[in-house]
Amino acid sequence: MATLRLFSLLLVLGFTQALYKAECDLVPADFVFLLDSSGSETTKGFKTQLAFISNFTSNFEVGADKAQFAAVTFSTGVHKNFYLNEHATQASVLDAINKIQYSDGETYTDLGLNFVRNNVLQANHGARPNVAKYVIVLTDGRSNDNSKTVQAAMALHNVPNVTVIAIGIGHAIDVNELHIIATDRNHSFVVNNFDLLHNMGVEVFVIGMGHSVDFRELQQIATDRDHVYRISSTNDLAAIHTNIVDAICKLKVPPPTTTPMPTTTTTLPTTTVKQACGQKPADIVFLLDASESEQAEGFGKEIQFVYNFARKFHIGPQNVQFSSVTFSSNVRNDFFLNTYSNRHDVLNAIQKISYMQGGTNTSFGLKFVRDNSFKPQNGARTNATKIVIVITDGQSADSAATKHEAQLLHHQGVLVYAVGVGSDVDSSELKAISSNGTPILVTDFSLLHDIQASLETAACHGGT
């Protein structure tokens, strides 16, 4: 039926706002999934719930000082799947989610809410004091005993640091009951009530599965045509998950500018991240052309590319580290590898990189990186693959010096990728800069995004 076909997506849809906040703002946090396993769900619907919470969980680092997860199912009775302190890694949590069984039965929501309060959110089961706690309730019908459900919800709301997000699926939902279950109306979603979602300012993404979906109906449900996805079956959901998360992050985060940003921190997106490059961590330095030929608009697209590239990685002293150096007539160090130790701060720093203007002294930039960026006091690690990504749109002021500096950098064991933008680049110079003699060429700054995935993969494979 149509509701089931759209179910997984609609969870992503109606839940977009809460998903974004949870991924970007609220770690460390304790997340508890309370899943309706009643007869009306059906096995297929229940599996789609599991797919959703699995995708949700995959966006978080799991650990005692990071995000923790628990899962409880309810129908006629309650079943504890796992407590907050049972799984210390993301892989372990995902494996546990995959093993959750459908139980069938009635819809005793109150039993599930009470179990979460009396058991899951207790310290002996991993609940941490003074840490935000999020109970995410998924249900497709009204509870068997509304008065008891109301009482159980009120008691749960009184637990310190708890926010309850309630998602109702389908047409059999008691909307008033859903509002009562949630902390407030801003935390309750009814996924078949598309007008409500739009009016709340929620971006609605729709995934139509199979060949019998009505594309016009999908367009009416979604916020706009760009939010409509079509796939053949549920087996294709994983393939589009990253695309949807990236689309959400683009909606929620303003693009970087070429002027200095305010000193206040901004909320940054979480997306599917690469834990490390190959068998070793990586130290990655961006060497950015900020010369006059770039123009402010081109430099802004260059920064956007760097931002989008960096946000794909798990950043930290044990994983990937980033540094940025800009050059024109002179060289400016934006930040060293050890200036920032987490993804949030690195992405904020990238947003603040400003345009310089001037000439194209590429050799100066390469020399600075060789002499400074990969020094231990500036964060370079002996066990890390050292990578430089050079982006330029023109010929250097001194081609011979540029080729010489590139060769010295290669001799230090640094893996250098050269990205040339536009028709004014010197291909022989870029070949000399690139470690493998094969530069990456694009015709315009707006096309940098087309090479992002291949460059990410190439950089990571350099660490194998």
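Asp 371 counts as partly exposed, with a relative accessibility of 29%. In this predicted model, Asp 371 forms a salt bridge with Arg 370, and the closest N and O atoms of the pair are 3.5 Å apart. Arg 370 counts as buried because its relative accessibility is 15%, and the cut-off for buried is under 20%.

The structure holds 10 salt bridges. One of them joins Asp 65 to Lys 66, with 3.3 Å between the closest N and O atoms. Here Asp 65 counts as exposed, at 56% relative accessibility, while Lys 66 counts as partly exposed, at 28%.

Another salt bridge is formed by the side chains of Asp 283 and Arg 381, at 2.6 Å from N to O. Asp 283 lies in strand E9 (residues 282-289), whereas Arg 381 sits in the loop between helix H13 (362-373) and strand E12 (385-392), so the pair ties together parts that are 98 residues apart in sequence. Both Asp 283 and Arg 381 are buried.

The chain as a whole gives the setting for these pairs. Its secondary structure comes to 16 helices and 14 strands. The chain has 464 residues, of which 53% count as buried. Of the contacts between residues at least 6 apart in sequence, 76% join residues at least 24 apart.

Helix packing can be followed in one pair of helices. Two packed helices are described by the angle between their axes and the distance between the axes. For helix H11 (residues 295-310) and helix H12 (residues 343-351), the angle is about 175° and the axes are 9 Å apart. Angles over 145 degrees count as roughly antiparallel, and H11 and H12 are therefore roughly antiparallel to each other. On the H11 side, the contact is made by Ile 303, Val 306, Tyr 307 and Ala 310; on the H12 side, by Leu 347, Ile 350 and Gln 351. Sorted by class, the residues in the contact of H11 with H12 are 6 nonpolar and 1 polar, with no charged residues.

Terms used. Residues numbered from 1 in each chain as written. Predicted model: local features only at pLDDT ≥ 70, side-chain atom pairs only at ≥ 80, totals over all residues. Heavy atoms only, no water. Salt bridge = Lys/Arg side-chain N within 4 Å of Asp/Glu carboxyl O. Buried < 20%, exposed > 50% of the residue type's maximum accessible area, 1.4 Å probe, protein only. Helix = DSSP H or I, 4+ residues; strand = E, 2+ residues; numbered from the N terminus. Contact = heavy atoms within 4.5 Å. Axes fitted to C-alpha atoms, helices over the stretch in contact; angles between N-to-C directions. Parallel < 35°, antiparallel > 145°, perpendicular 65-115°, else oblique. Nonpolar A, V, L, I, M, F, W, Y, C, P; charged D, E, K, R; others polar.
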